Amino acid sequence: MFALHDYRSVIALAEEGHFGRAARRLDVTQPALSSRLRRIEEELGVRLFDRDRGGVRVTPAGAQFVEGAERVITAAEETTESTRNVQAGLGQTIRIGMTQVAAYQIVVPALSAFRDAHPRARIRLFEGTTAGLERRLEQNTIDAAFVHPPLHAPGLSEKRLVRSPLARFDARSTDRKRRPLIRYPRAEAPVLMGEIARDRKMLEGDYPEVEADTMLGATVLSRAGFGPFVTTEDFPSPFETTDDCARTEPLGIELETCIAWRSLDRRSLLRQLIASAEIASR
């Protein structure tokens, strides 16, 4: 078993790429850091770094170790913080993820209901894509997420909450040449892009394709004249300050939102969040 300072040492080396800088950051001598890394590698039986005159480079095995080390450090820090919070009379911490669409659909009333039930609970809120938040649930860096099903990560449960019709927004509908739809990365928004891909004509145009990884990014590109994009009809109007050429076109398809969590997580605080989300969706 490794101590926390072992994990911190590997993380520092990976980020600094140099023994001297990492040692100064950790407030240890360079020989002590070298000895510590040698012991870790010997115990693991793998090489975490390649050394050369310019410094160190993380090996594939080292990158895997660093990823796990970061989760260990995060968990340790959160445990320390939650313990101190209890001593200070503060509530437990729950980490919640949300997509930009879910933020406007359901997250506000869900968190309002949750606050009423647990006024002393501490919340950490994270924004991301459905795929990214699924990964964070798997890695135990968040506890619940408001995302768009179907989910693909194993070991997750979900409660479906709301459905919203999708619409095509266009800030420059008077443009004579047809511009292709602004895309979202398929790996990050598989559900939305899957729905859009059913109509190939939307993805075709007289200009090169452009892509944004968030609704905000798509709004910026559309306002700049790069083409239309798709979001839910109830998403706040992205063209409030533009001229009359803005256009909204319903697509006749819907996007669903759910709250997802790790199936084995049965904490009462999480169950209360799920119940609050259900109340907010009625």
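Which residues form one aromatic cluster?

Modeller: Phe 2, Tyr 7 and Phe 65 do. The ground rules come before the details. This is a predicted model, in which local features need pLDDT of at least 70, side-chain atom pairs count only at pLDDT 80 or more, and totals for chains, interfaces and linings use all residues. Residues are numbered from 1 along each chain as its sequence is written, and side-chain values use heavy atoms, with hydrogens and water left out.

Now the rings. A pair of aromatic rings is described by the distance of the centres and the angle of the planes. Rings of Phe, Tyr and Trp (its six-membered ring) pair if their centres lie within 6.5 Å; planes under 30 degrees apart are stacked, over 60 edge-to-face, and the rest tilted. By that rule the structure holds 4 aromatic pairs. One of them joins Phe 2 and Phe 65 edge-to-face, at 5.8 Å centre to centre and 85° between the planes. Phe 2 lies in the segment before helix H1 (4-16) and Phe 65 in helix H4 (residues 60-87), so this pair ties together parts that are 63 residues apart in sequence. Helices (H or I, at least four residues) and strands (E, at least two) are DSSP runs, numbered from the N terminus.

Tyr 7 and Phe 65 also pair, but stacked: 5.7 Å centre to centre, 20° between the planes.

Phe 2 and Phe 65 are both buried. Phe 65 has 13% relative accessibility. Tyr 7 is buried too, with a relative accessible area of 14%.

Two packed helices are described by the angle between their axes and the distance between the axes. Axes are lines fitted to C-alpha atoms, for helices over the stretch in contact, with angles from 0 to 180 degrees between N-to-C directions. Under 35 degrees counts as roughly parallel, over 145 as roughly antiparallel, 65 to 115 as roughly perpendicular, and the rest as oblique. The H1 and H2 crossing is right-handed. A crossing is right-handed if the near helix is turned clockwise from the far one by less than a right angle, left-handed if anticlockwise. In contact (heavy atoms within 4.5 Å) are residues of H1 including Arg 8, Ile 11, Ala 12 and Glu 15, and residues of H2 including Phe 19, Ala 22, Arg 25 and Leu 26.

Asp 27 sits in the loop between H2 and H3. Its phi is positive, about 60°, although Asp 27 is not a glycine. Asp 27 is exposed, with a relative accessible area of 71%.

Next, Val 46. It lies in the loop between helix H3 (30-44) and strand S1 (49-52). Val 46 is partly exposed, at 36% relative accessibility. Its C-alpha is 7.2 Å from that of Ala 61, 15 residues apart along the chain. Leaving aside neighbours within four places in sequence, Val 46 is in contact with Glu 41 and Ala 61.

Further along, another helix pair. The axes of helix H5 (residues 100-117) and helix H9 (residues 268-281) come within 8 Å and cross at roughly 130°. H5 and H9 are therefore oblique to each other. Their crossing is right-handed. Among the contact residues are Ile 106, Pro 109, Ala 113 and Phe 114 of H5, with Leu 269, Leu 273, Ser 276 and Ala 280 of H9.

Helix H6 (residues 130-138) has buried residues, including Ala 131, Leu 133 and Leu 137. Asn 140 is partly exposed, with a relative accessible area of 41%. A cis peptide bond then joins Pro 149 and Pro 150, with omega about 10°. Pro 150 lies in the loop between strand S5 (144-147) and strand S6 (156-170).

Last, the whole chain. It has 9 helices and 8 strands. Buried residues make up 44% of its 282 residues. Of its contacts with a separation of 6 or more, 72% come from residues 24 or more positions apart.

Terms used. Buried means under 20% relative accessible area, exposed over 50%, partly exposed in between (1.4 Å probe, protein chains only).
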